[in-house]
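Here is a note for a colleague who is opening this entry for the first time. Please keep the sequence and the 3D view at hand while reading the points.

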Amino acid sequence: MRRLWGHLAVLMVLTSALVVGPSGTACACSCAEPDPVKNTEWADLVFVGVVVDVDRPAFSMSSGDLMTARLTVEQVRKGSATGHVEVKTAIEGPSCGFDFVEGNRYLIYSREGQTSLCSGNELLGAAPEVELEGDVPVIALLGGGAVVLLAGLALWWVLRRRSASSAAAVADPGPATDGQGEARPDGQDSA
């Protein structure tokens, strides 16, 4: 039974760690003044697009981990792209990650499928006319984690109560009886 409690304890700790999530060290990002000419020279693809989906890693160990933004291409200013383009960037600003927001239109400078806060990207405004791709909201994931945690705690409580009542039954087998099934007042067996 102790082994079961140990497994439940480990399960609860892991579940809590996944819900809270690990955090990495912060870095500072410093960019020069944006220069559209230099940004265009640096980039192999410059385009105007609307963000239809942002895919962040579920479990990140560092602010430098990459996320992917999927954009619908509206206009290409350098390079070649049609339909949808996926652009990667760091997940947080301190690591020079660009903060994409679904439903917004941007001018994007990317090189080899990556961009950053220092690339000169520009927010051009909201694009309510573009349909966004579906995604599971973070609130739903956190809610699901909370349900799993509560279910684990309920199971632990039920098993603990069951274990305690079993231990009490073994420790107290009941009153001693004489040979004919009657209880003796001193609690000892008649022999």
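1. In which sense do strand 1 and strand 2 pair, and over how many bridges? Strand 1 covers residues 45-55 and strand 2 covers residues 66-78. The two pair in the antiparallel sense, over nine bridges. Gly 49 has Val 73 in strand 2 as its bridge partner. Val 51 stands opposite Leu 71, again in strand 2.

2. A word on the source and the overall layout. The model is predicted. The protein chain holds three helices and five strands. Read from the N terminus, the elements run α-α-β-β-β-β-β-α. The chain has 191 residues, and 27% of them are buried.

3. The five strands form an open sheet in the order 3-2-1-4-5, with antiparallel pairing. Strand 3 (84-90) and strand 5 (122-126) are at the edges. Each has a single partner strand, so one side of each is left without a neighbour in the sheet. From one strand to the next, the twist averages 40 degrees.

4. Move on to strand 2 and strand 3. Their pairing is antiparallel, over seven bridges. Met 67 has Thr 89 in strand 3 as its bridge partner. The hairpin of these two strands has five residues between the strands. In that hairpin, Gly 79 takes a positive phi near 90 degrees.

5. Which residues make the most contacts inside the largest nonpolar core? They are Phe 47, Leu 71, Val 85, Phe 100 and Ile 108, in a core of 16 residues. Strand 1, strand 2, strand 3 and strand 4 are the elements that give two or more residues to this core. As a general rule, nonpolar side chains in soluble globular proteins tend to be buried together.

6. Val 85 is then in contact with Leu 45, Phe 47, Ala 69, Arg 70, Leu 71 and Val 73. There is also a second, separate core of five residues. Ala 43, Val 46, Leu 107 and Tyr 109 are among its members.

7. How many disulfides does a search of the whole structure find? The search finds two. In general terms, a disulfide is a covalent bond between the sulfur atoms of two cysteines. With bonded cysteines counted along the chain, the pattern is 1-3, 2-4.

8. Take the disulfide that joins Cys 29 to Cys 96. The S to S distance is 1.9 Å. The link is right-handed, with 105 degrees about the S-S bond. It ties distant parts of the chain, 67 residues apart. Cys 29 is in the loop between helix 1 (2-20) and helix 2 (36-42), while Cys 96 is in the loop between strand 3 and strand 4 (104-110). Cys 29 is partly exposed, at a relative accessible area of 24%. Cys 96 has a further feature: its phi is near 65 degrees, a positive value in a residue other than glycine.

9. Cys 31 and Cys 118 form the other disulfide. Their sulfur atoms are 1.8 Å apart. Why is this disulfide called left-handed? The torsion about its S-S bond is about -70 degrees, so the link of Cys 31 and Cys 118 is left-handed. This pair also links distant parts of the chain, 87 residues apart. Cys 31 lies in the loop between helix 1 and helix 2, and Cys 118 in the loop between strand 4 and strand 5. Cys 31 is partly exposed at 33% relative accessibility. Cys 118 is partly exposed too, with a relative accessible area of 32%.

10. Look next at Glu 112. It is placed in the loop between strand 4 and strand 5. Is Glu 112 buried or exposed? Glu 112 has 69% relative accessibility, so it counts as exposed.

11. Two totals to finish. Among contacts between residues at least 6 apart in sequence, 61% join residues at least 24 apart. The protein chain exposes about 12,700 Å², and carbon and sulfur atoms supply 58% of that area.

Note on methods:
Residues numbered from 1 in each chain as written. Predicted model: local features only at pLDDT ≥ 70, side-chain atom pairs only at ≥ 80, totals over all residues. Heavy atoms only, no water. Pairing = 2+ DSSP bridges. Helix = DSSP H or I, 4+ residues; strand = E, 2+ residues; numbered from the N terminus. Axes fitted to C-alpha atoms, helices over the stretch in contact; angles between N-to-C directions. Buried < 20%, exposed > 50% of the residue type's maximum accessible area, 1.4 Å probe, protein only. Contact = heavy atoms within 4.5 Å. Areas by Shrake-Rupley, 256 points an atom, 1.4 Å probe, with all protein chains shown as cover. Disulfide = S-S within 2.5 Å. Core = buried A, V, L, I, M, F, W, Y, C linked by side-chain atoms within 4.5 Å. Lists of a residue's contacts leave out its neighbours within four places in sequence.
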